[in-house]
Amino acid sequence: MANRTVRFAICNKRFAISCLTRRAHAILTLSRLIWTYLDLFLTSHPMINKVTKTDEQWRKELSPEAYEVLRRQGTEPAFSGPYDQTTEPGLYRCAGCGNELFLSDSKYDAGCGWPSFVAPADQSHVELEADNRYGMERVEVRCSRCGGHLGHVFDDGPGPTGKRYCINSVALTLDPKK
Ligand SMILES: [Zn+2]
C-alpha cells in the first residue's frame, strides 16, 4: 500500500514537471515569436525606431570617413568609394544604423563617381531636405532612422522615376545577397 502511494506520488511529480516544462516551452516559443514580429515591425518602420546618439558616440563608432559624410555632411572624393563601380547583388544599408536604404537592382552607373540609384528600397527609409549650401540648390538625402547625411537626389536619372540618388559609398554597407 505504502509502495503504491510512493509510486503515485512519483507519478504525480513527474506529471507536474512535464506540465511545467511544456508550459515553459510554450512561453519561450511565444516570446520568441513576439520578438521576431517586433523586430520585423521596427525594422520596417525606421520613423518609429529612431537612433539618436551624441556626436561623441558617432565619432567613436564610425570610421573617420563615414563620420565626415554621415554626421558632418561631407562628400567623399569622386571615384574613390568602394561601391562606385560594384555590381554585386545585395542590399545597401546605412553605415550608421543599418537601415535598409537601397537595393542593388536600382543601382546604375551614372558615370559621376558615386554609387547611383533610381529609387530607395522604401521611400520612408530616407528623408529629403532642401540644401542650399555652396550657392547650389540641391535636395539632400538623409537616413530616416539616424538622420545621417547620405548624399543628394537629382532629376537627371533614367527610367520611370527620372531620379538619380547620388550617394556616398562610405555612408553605405553592402549586405551581399545569399
Ligand atoms: Zn542611418
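1. Strand 7 and strand 8 are joined by antiparallel pairing over four bridges (two strands pair if DSSP finds at least two bridges between them). Within this pairing, H152 has C166 of strand 8 as its bridge partner.

2. The model is predicted: local features need pLDDT of at least 70 and side-chain atom pairs count only at pLDDT 80 or more, while totals for chains, interfaces and linings use all residues. Residues are numbered from 1 along each chain as its sequence is written.

3. As to overall content, the protein has three helices and nine strands. Along the sequence these elements follow the pattern α-α-α-β-β-β-β-β-β-β-β-β. Of the 178 residues, 27% are buried; a residue is called buried if 20 or more other C-beta atoms lie within 10 Å of its own, exposed if 12 or fewer, and partly exposed in between, with C-beta atoms placed from the backbone. Among contacts with a separation of 6 or more, 56% join residues 24 or more positions apart, a contact being two C-beta atoms, placed from the backbone, within 7 Å.

4. E129 stands opposite E140 in strand 6, and E127 has R142 of strand 6 as its bridge partner. The two strands form a hairpin with six residues between them, and Y134 in the turn has a positive phi of about 60°.

5. Strand 6 also pairs with strand 7 (residues 149-154), in the antiparallel sense and over four bridges. Here the bridge partner of R142 is H149, and that of E140 is H152. This second hairpin has five residues between its strands, and G147 in the turn has a positive phi of about 75°.

6. The largest nonpolar core has 26 residues, and those with the most contacts inside it are A66, I167 and A171. Such a core is a set of buried Ala, Val, Leu, Ile, Met, Phe, Trp, Tyr and Cys residues joined through C-beta atoms within 7 Å. Two or more residues each come from helix 3 (64-70), strand 1 (90-94), strand 2 (100-103), strand 6, strand 7 and strand 8 (164-167). Helix 3 supplies the largest share, four residues. Leaving aside residues up to four places away in sequence, A66 touches A95, V170 and A171.

7. Two backbone angles deserve a check. Q73, in the loop between helix 3 and strand 1, has a phi near 55°, a positive value in a residue other than glycine. Q73 is partly exposed, with 15 other C-beta atoms within 10 Å. F79 lies in the loop between helix 3 and strand 1, and its phi is near 65°, again positive in a residue other than glycine. F79 is exposed, with 12 other C-beta atoms within 10 Å.
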